[in-house]
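I opened my notebook today to look around a new structure, going from the whole chain down to single residues. Here is what I looked up, in the order I did it.

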Amino acid sequence: MNRIVTPSEIAPPAASYAHAVLSEGPSRLLHTAGVVPVAPDGSVPEQLSSQAEAVWVNLAAILAEAGMAPTDVVSVTTYVVAGEPLGPVMAARDAFLGDHRAASTLVTVPALARPEWRMEVALVAAR
């Protein structure tokens, strides 16, 4: 039902993502808010790589609660505070998705809603 769209007329993706994903006949769609790096106890990790891991742990819990899996993810939008290194953020996404490819956009922003948050992720999943 979810199929990667890869036109031969454009350059391939710059990293581990798909330019587009077509969802044909999904019975369920999940749209998350921006998921932030807050642990269940309310703490926020200091290191960016740990924040990225916390975000994907939270997203995994949301997917599981919805009866979905990482392979149902069709679109990811990542927001990172400008000046932060992007490598750890992309590595966490790639580790979570494995060989699965989703449409993915990474946006740098001047700040997020709370100063300790250095990144957040919103996604769409379809099954």
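Predicted model: local features only at pLDDT ≥ 70, side-chain atom pairs only at ≥ 80, totals over all residues.

Entry 1: I found 2 helices and 6 strands in the chain. Reading along the sequence, I wrote down the pattern β-β-β-α-β-α-β-β.

**Entry 2: overall size.** The C-alpha trace spans about 40 × 35 × 20 Å along its principal axes.

Entry 3: How much of the chain is buried? I got 34% of the 127 residues. I then turned to contacts with a separation of 6 or more, and 77% of them join residues 24 or more positions apart.

**Entry 4: charges.** I looked up 7 positive and 12 negative charges in the chain. Their mean positions lie 5 Å apart.

**Entry 5: Thr32.** Now for single residues. I located Thr32 in the loop between strand S3 (29-31) and H1. Is Thr32 buried or exposed? Its relative accessibility is 14%, and buried means under 20%, so Thr32 counts as buried. Its side chain reaches the backbone nitrogen of Leu123 at 2.9 Å. Leaving out neighbours within four places in sequence, I listed Leu59, Ile62, Val121, Ala122 and Leu123 as contacts of Thr32.

**Entry 6: Ala33.** I moved on to Ala33, which is also placed in the loop between S3 and H1. Here the relative accessibility is 57%, and exposed means over 50%, so Ala33 counts as exposed. With neighbours within four places set aside, Ala33 is in contact with Val121 and Ala122. I also looked up Val109, which is 76 residues from Ala33 along the chain; their C-alpha atoms are separated by 17 Å.

**Entry 7: Thr71.** My last stop was Thr71. Where does Thr71 sit? I found Thr71 in the loop between helix H1 (48-65) and strand S4 (73-81). Not counting residues up to four places away in sequence, Thr71 touches Asn2 and His100. I checked Val38 too: Thr71 and Val38 are 33 residues apart in sequence, and their C-alpha atoms are 24 Å apart in space.

Terms used
Residues numbered from 1 in each chain as written. Heavy atoms only, no water. Helix = DSSP H or I, 4+ residues; strand = E, 2+ residues; numbered from the N terminus. Buried < 20%, exposed > 50% of the residue type's maximum accessible area, 1.4 Å probe, protein only. Contact = heavy atoms within 4.5 Å. Lys, Arg positive; Asp, Glu negative; His and termini not counted. Charge placed at Lys NZ, Arg CZ, Asp CG, Glu CD. Polar contact = N/O pair within 3.5 Å; in protein donor to acceptor, adjacent residues only side chain to side chain.
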